[in-house]
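Visitor: Hi, could you walk me through this one? I'd like to ask a few quick things as we go.

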Amino acid sequence: EETGEDESYDFGKGDFTEHACRYCGVQNPACVVRCNVPSCRKWFCNSRGNTSGSHIVNHLVRAKHKEVCLHKDSPLGETILECYNCGCRNVFLLGFISAKTESVVVLLCREPCLSVNALKDMNWDLSQWCPLIDDRCFLQWLVKVPSEQEQLRARQISAQQINKVEELWKTNPDATLEDLEKPGVDDEPQHVAFKYDDAYQYQNVFAPLVKLEADYDKMMKESQSKDNVTIRWDIGLNKKRVAYFVFPKEDNELRLVPGDELRLRYPGDANHPAWQSVGHVIKLTAQEEVALELRASQGVPVDVNHGFSVDFVWKSTSFDRMQGAMKTFAVDETSVSGYIYHHLLGHEVEVQVVRNTLPRRFGAPGLPELNASQVFAVKSVLQKPISLIQGPPGTGKTVTSAAIVYHMAKQGQGQVLVCAPSNVAVDQLAEKISATGLKVVRLCAKSREAVSSPVEHLTLHYQVRHLDTSEKSELHKLQQLKDEQGELSSSDEKKYKALKRATEREISQSADVICCTCVGAGDPRLANFRFRQVLIDESTQANEPECLIPLVLGAKQVVLVGDHCQLGPVIMCKKAARAGLAQSLFERLVILGVKPIRLQVQYRMHPALSEFPSNSFYEGTLQNGVTINERQSSGIDFPWPVPNRPMFFYVQMGQEEISASGTSYLNRTEAANVEKIVTTFLRSGVVPNQIGVITPYEGQRAYIVNYMSRNGALRQQLYKEIEVASVDSFQGREKDYIILSCVRSNEHQGIGFLNDPRRLNVALTRARYGIVVLGNPKVLSKQPLWNSLLTHYKEHECLVEGPLNNLKQSMVQFQKPKKIYN
Amino acid sequence: NSDVDDDDGGAHVASDDDEVQVRPKVVKVDPEEEVEFDRELRALMQESLDSRKLDLRSRPTLNMMIPMNVFEGSTKDHHGRAAEGESGDETLDEDGGGVNKEVSVRVLVKRGHKQQTKQMLIPRDCSLVQGTKQKEAAELEE
Ligand SMILES: [Zn+2]
Ligand SMILES: [Zn+2]
Ligand SMILES: [Zn+2]
């Protein structure tokens, strides 16, 4: 999740056009009329939908309104329907008559005008009075019935809903259909479904969940104020002030990410006035320091270091963009193709084949050659309007994605949009795609422009700054002035912004591929861009509304890449998660019967390490693209119990404890043994960045970091360079050696985080050369999946105990696994 | 190691049509709802009629002359706004079979006190035009 600076951006595109049918949203001017009652003035269409009368007739009958006006863009123009003779506007009395000889027709009321005898003498044919409302519908040649396509894509309103909303309008004329379904404050939110009648129902379900998550996020972040913070001052390359400080975090709570906005405050003292400034987090150091780049450099009390306070500045941008995307999805029928629309809502759609000439070869320049399952994936994806690619760990989904994007871009259907929920994933993909020779623009949130990126040369802000042509010299001059002075005069600022915007637009438009996060796709700088082809990587880690943001920019062909057997999106609000916000679009499509194309050859793990994950999570389909020899750690002297199997489960009986914060767990014996294992690795010649320590608990993470640097047998610096992190933060990455500390060790409570099979899958599939798992088999074996993991280790004589230099097979008894109830 | 054919940028059939075949849901209108709706609709019609019948004073004076200009050129619209996007007298059948499904009529309306005509297409089988056509045919025969 990330924030930008687009508070002023108006999601106008997603708003109802004024003349949209208030029941179903149809907005074709030829199909709608306005109720002409002054207190009403609502628009309705002439389709029946699921009711016996057309929407306009339904409204007139239910509300007892009787006058209407045609749309200005309808064939007759803006016209109040009335009797040509007497001006009567009651549509229930009106009908057309025609002239006897000419093709001229006129509206006439049935009573009294039609019964005036004199008319007969005046060239009018009174025998053929054609009522305006016929068969509970307006004359279809006067007010058209929306096409079947339009109707299918409209809100599927029921007669009951019509009655309810008409009732509501009597007291609140501005009420919407959404108001009907608003849950009360204490109600559990509606649970997500697999299928939706229409995009309005979809929005009705998801909007409250996004709101819940936003509220929770806001509450939590704003409650994260810290006092007595000590600051270390520095100046960045761009001459801006940077404050370094430690911002402690707890389990499951605030995780600062680059781009977050914080407010730094100083209460003032005898020599300094009170001061405060807002800044962006530009990085988080290995020493757990936050680097905050301040927006204003003036008046900063740089000679003071203690007594500062830090507050989180919450921004609603990402949530606003999700809400905006859902609205656009519902009301803008160009947002996605009809096929995508119906498919996403789970409607039964006839299979569609994308008629594209297939390339003769499916790889791409600058990328490694593709294996059979990767070629198959590229080939199938290019022929389908919507496809899912499942990439188990180490199966090369980034390369496959890049190849797909390469071929899409070569099809000449316009620019391709490439997204992922996380910035890291977007950067990786942007790099690979750029390697194929395509022109890539990496769009970053404004708040992240100061954050260093491995693909800086591809970022839009970098390209704008380094576009060195004479026409840009004006922009350059202003940029330089701004850098030097910190700010510009208001007229220069205006000029600067206009020039910058024009340059940004020019560069973006000339790209083959735009890469950004899912939330970034809602950036106002892309508001006028259309993307028919969209690929979303790591899509199983995005929630649905987030995934929708890149799609509603005109998607006709959608590729979702991910792995629903690894961790899903992080939803902080339990209520929203329970209601299904934690289920990704990818997963829902799988449930709806879209078969993911699975990449089957893994190039990461030693074959001994991939065996259990393949059997437990991928039905045994994972093949090894690396041999035992290629994963032999030559020269590394480590006491693996079975020489060709670089893995063991190290039995631990130490107690778990509640951490000092009271919200997390730690396990001292496990931590001490982690240090011993790390030291053994380091002594045998492994370097620190080859090792990753994974533990699901923040309490244990902090404890291990602390313990190793204080008690490590080798140089302190070596231990500091070792990454100790949660399972979740290792997703998508790999290390040569992984040490997994399970922490939980109690007879009665559960095993918490470790219960999620997807988390276990991620933890077990990070290592390339070897893995050590530390935990209590007695406790873990209660859970069926852990029980089978323990059995697997035991069968391979890799379940061990005792000192590291004298490991012995453990005879510990497992418990019977609890049955899983579905 | 590149197995790429860079020369594939040629003839791609990029189809722009957004054809989608959604298996239609069976729309079932609740019969009770239908009956109730019909009752209300008829009540509203009746009430409208009754209110007019009672109002005896409102015997209208007739102001129903067809303006002369309507009888001049049959396709000209004297008031600027032609039938948008549907100009031309008659449309061809989509199948190109030459059968005209629609005919063009002029709708006479009042804008304030001014009379205007607007061109519109109406289905050939509409009872309104049928009267005219029959008469035209009859007149031709005579
Ligand atoms: Zn009304
Ligand atoms: Zn409608
Ligand atoms: Zn009248």
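Visitor: What is the average pLDDT of chain A?

Guide: This is a predicted model, and chain A averages a pLDDT of 88. A score of at least 70 is reached by 94% of the residues.

Visitor: Where in chain A is the pLDDT below 50?

Guide: Residues 1–14 of chain A fall below 50. In the model this stretch still has 46 contacts beyond near neighbours in sequence. Where pLDDT is low, the predicted coordinates should not be read in detail.

Visitor: On to the metal. Which residues are the protein donors of the zinc ion (ligand 1)?

Guide: Two cysteines and two histidines: Cys35(A) and Cys40(A) through SG, His59(A) through NE2 and His65(A) through ND1. These donors lie 2.0 to 2.3 Å from the zinc ion.

Visitor: And what geometry does the site have?

Guide: Tetrahedral, with angles of 102 to 116° among the four donor atoms. Along the sequence the donor residues follow the spacing C-x4-C-x18-H-x5-H.

Visitor: What does the pair Cys35(A) and His65(A) tie together?

Guide: Parts that are 30 residues apart in sequence, because Cys35(A) sits in strand β1 (residues 32–35) and His65(A) in the loop between α1 (55–63) and β3 (68–70) of chain A.

Visitor: Is Cys35(A) buried or exposed? And His65(A), buried or exposed?

Guide: Cys35(A) has a relative accessible area of 0%, so it is buried. His65(A) comes out at 16%, under the 20% cut-off, so His65(A) is buried too.

Visitor: Switching topic: how many residues does helix α19 of chain A have?

Guide: Helix α19 (residues 698–711) has 14 residues. From first C-alpha to last, α19 reaches 19 Å, close to the 20 Å expected at 1.5 Å a residue.

Visitor: Which residues of α19(A) are buried?

Guide: Among them are Tyr703(A), Ile704(A), Tyr707(A) and Met708(A). The buried residues of α19(A) pack against several elements of chain A, including α18 (668–683), α20 (716–720) and β30 (735–741).

Visitor: Last one, strand β31(A). How many of its residues are buried?

Guide: Eight of the nine residues in β31 (residues 767–775) are buried, and the strand is mostly covered.

Visitor: Which strands pair with it?

Guide: Strand β25 (residues 647–651) of chain A runs parallel to β31(A), joined by five bridges, and one of the partners is Phe648(A) with Val772(A). β30(A) also pairs with β31(A) in the parallel sense, over six bridges; there, Ile738(A) is partnered with Ile771(A).

How values were computed: Residues numbered from 1 in each chain as written. Chains lettered and ligands numbered in written order. Predicted model: local features only at pLDDT ≥ 70, side-chain atom pairs only at ≥ 80, totals over all residues. Heavy atoms only, no water. pLDDT = per-residue confidence, 0-100. Contact = heavy atoms within 4.5 Å. Donors = N, O, S within 2.8 Å, 3.2 Å for Na, K, Ca; no water. Tetrahedral: all angles 85-135°; square planar, octahedral: opposite > 155°, others 65-115°. Helix = DSSP H or I, 4+ residues; strand = E, 2+ residues; numbered from the N terminus. Buried < 20%, exposed > 50% of the residue type's maximum accessible area, 1.4 Å probe, protein only. Expected span 1.5 Å × (residues − 1). Pairing = 2+ DSSP bridges.
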